[in-house]
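Work through the following exercises with the sequence and the structure open beside you. Try each task before you read its solution.

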Amino acid sequence: SSRQRQADQSAPLAGSDESRGASFQISGPTGAMSAVLVGIVASYGLQGVFFACFAAGALLLLAGIFKLGRLISFIPMPVIMGFTSGIAIIIAMGQIDNFFGTASEGSSNLAKIASYARLGFHPNLQKWGARVPGSLVGIILATVVSALFRMDSIATVGDIPRTLMLADRLDLGSLNLNMLKNLISPIVTIAALGMIESLLCGASASRMKNEPFNADQELIAQGVGNILLPLFGG
């Protein structure tokens, strides 16, 4: 009967949303992380980033196991909007020189902006391509010329990695309580960013698609992913 067919279609299948966060959720690096990771690299190098990612993944995994995903519904929207807007402002401030073709000095975004009063703010209008960025055209032309004339002596970015086990990856022997103490604040920040952004995106998309969203399963997946990636140099 039609009722039976409807029941069969609605029954959970192996590998369905019962065993994952959602059918529409994908994961990847986010711009909001750059504000945190750049500071870690400057102070502790890549091993610091690998360690912070590993520890943040452990926190996300525990959050999913203890079913803390439902807490996302208690975060007020003004707090979420303020947090996201603040990250956007930080990223935009760091790109003023690249966008306008200007030069600034300073170790922080505010210091760089303040240096315009001393150095002057003189935009390079030639960098503003109305439709096609001039830098992209230059890269393409330089690549074609070097390939045609076989300019092998030109420095390149480097070889494409041919192995999953990169030379720069998490060294388990470097894990220690002292590093954990120094990085506890960024670790919690990274875990909170991963939790908030992934769960908010999932909750929003679930309303759009009218599908259920398993927030706790999403946190478990995020945790496992962030634990494994540093072991391969991610």
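**Exercise 1.** How far apart are the end C-alpha atoms of helix α2 (residues 34-65), and what would a straight helix reach? Then find where α2 has a kink.

*Solution.* Keep in mind throughout that this is a predicted model. Begin with the length: α2 has 32 residues, and at 1.5 Å a residue a straight helix would reach 46 Å. Next, take the distance between the end C-alpha atoms of α2, which is only 27 Å and thus short of that value. Then follow the axis along the helix, where a kink of about 130° is centred on Y44. Finally, step just past the end of α2, where K67 takes a positive phi of about 55°.

**Exercise 2.** Determine which elements line the second largest pocket, and which of them gives the largest share.

*Solution.* Start with the space itself, which has a volume of about 240 Å³. Its lining includes S34, A35 and V38, together with I90, I91 and K112. Sorted by element, two or more residues come from each of α2, α3 (77-93) and α5 (109-114), and the largest share, three residues, is that of α2.

**Exercise 3.** Identify which element gives the most residues to the largest nonpolar core.

*Solution.* First note that this core has 29 residues, and that those touching the most other members include I40, F51, L183 and F213. Two or more residues are given by each of α2, α8 (177-209) and α9 (215-228). Among the elements, α2 gives the most, with ten residues.

Definitions and conventions: Residues are numbered from 1 along each chain as its sequence is written. This is a predicted model: local features need pLDDT of at least 70, side-chain atom pairs count only at pLDDT 80 or more; totals for chains, interfaces and linings use all residues. Side-chain values use heavy atoms; hydrogens and water are left out. Helices (H or I, at least four residues) and strands (E, at least two) are DSSP runs, numbered from the N terminus. The expected span of a helix is 1.5 Å times one less than its number of residues. The bend at a residue is the angle between axes fitted to the seven residues ending there and the seven starting there. On a 1 Å grid over the protein atoms alone, a cavity is a set of points where a 1.4 Å probe fits but cannot get out, and a pocket is an open set with protein on both sides within 12 Å along at least five of seven lines; lining residues have an atom within 4 Å of a point. Grid points are joined across faces, edges and corners, and a volume is the space filled by probe spheres set on the points. A nonpolar core is a set of buried Ala, Val, Leu, Ile, Met, Phe, Trp, Tyr and Cys residues joined through side-chain atoms within 4.5 Å. Buried means under 20% relative accessible area, exposed over 50%, partly exposed in between (1.4 Å probe, protein chains only).
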